[in-house]
Amino acid sequence: MLNKVTLIGNLGQDPDVRTSPNGTKIVRISLATTRRWTDRQTQERKDHTEWHRVVFFNRTAEVVEQYLRKGSQVYIEGRIQTQKYQGKDGQDRYSTDIIAEQMQMLGGRSGGTSNYSDGSQTAAPAAPATPQAPSPMTPGPDDFDDDIPF
């Protein structure tokens, strides 16, 4: 079985930083990825932005807290995790997050990249190839509005 997610996108807001009761740093971000295409009939450019909830732990969480801000572009590898909980009305609800296992900051002031891993894997995978240039499918900081659905 394989549960693997790869995303390149931009933060929709500054990271949300918390610390668990046992002292583990937990950082959540909302990441926007955008698919763009041209409608074949109208030749109109269209796009659809998808929002992803991404969670970081330990050292990677510290790096995200320190260096990432709203609009930052990142490359993330991780896995999907869905949790079940009860809402205030007693109904079952579900929350789906991406648990980040590896993160690279893209498009920094120096134009370089930095690679961070949560260190939980027993065998570290080879570092993913860094894109040569931002994809036309990847939004810039001004390509989405600030209305985050969560």
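**Exercise 1.** Determine whether Asn58 counts as buried, partly exposed or exposed, and state in which element Asn58 lies.

*Solution.* Step 1: the relative accessibility of Asn58 is 39%. Step 2: the classes are buried (under 20% relative accessible area), exposed (over 50%) and partly exposed (in between), with a 1.4 Å probe and protein chains only. Asn58 therefore counts as partly exposed. Step 3: Asn58 lies in helix 1; helices (H or I, at least four residues) and strands (E, at least two) are DSSP runs, numbered from the N terminus. Step 4: the phi of Asn58 is positive, about 60°, although this residue is not a glycine.

The model is a predicted one, in which local features need pLDDT of at least 70 and side-chain atom pairs count only at pLDDT 80 or more, whereas totals for chains, interfaces and linings use all residues. Residues are numbered from 1 along each chain as its sequence is written, and side-chain values use heavy atoms, with hydrogens and water left out.

**Exercise 2.** Which residues of helix 1 are buried, and how do they fall when seen down the helix axis?

*Solution.* Step 1: helix 1 spans residues 58-67, and Thr60, Ala61, Val63 and Val64 are its buried residues. Step 2: these buried residues fall within an arc of 160° seen down the axis, so they line one face of the helix. The arc is that of the directions from the helix axis to the C-beta atoms.

**Exercise 3.** Describe the surroundings of Leu7.

*Solution.* Step 1: Leu7 is in strand 1 (residues 5-11). Step 2: its relative accessible area is 10%, so Leu7 is buried. Step 3: leaving aside residues up to four places away in sequence, Leu7 touches Leu31, Thr33, His52, Val74, Tyr75, Ile76 and Ile98, where contact means heavy atoms within 4.5 Å. Step 4: Leu7 and Ile76 are 69 residues apart along the chain, yet their C-alpha atoms are separated by 5.2 Å.

**Exercise 4.** Which side chain makes a polar contact with that of Glu101?

*Solution.* Step 1: Glu101 is placed in strand 6 (residues 92-106). Step 2: a relative accessibility of 19% means that Glu101 counts as buried. Step 3: the partner is the side chain of Arg79, at 3.2 Å. A polar contact is a pair of N or O atoms within 3.5 Å; within protein, one must be able to donate a hydrogen and the other to accept it, and residues adjacent in sequence count only if both atoms are side-chain atoms.

**Exercise 5.** What is the pattern of the protein chain along the sequence?

*Solution.* Step 1: the chain has 1 helix and 7 strands. Step 2: their order is β-β-β-β-α-β-β-β.
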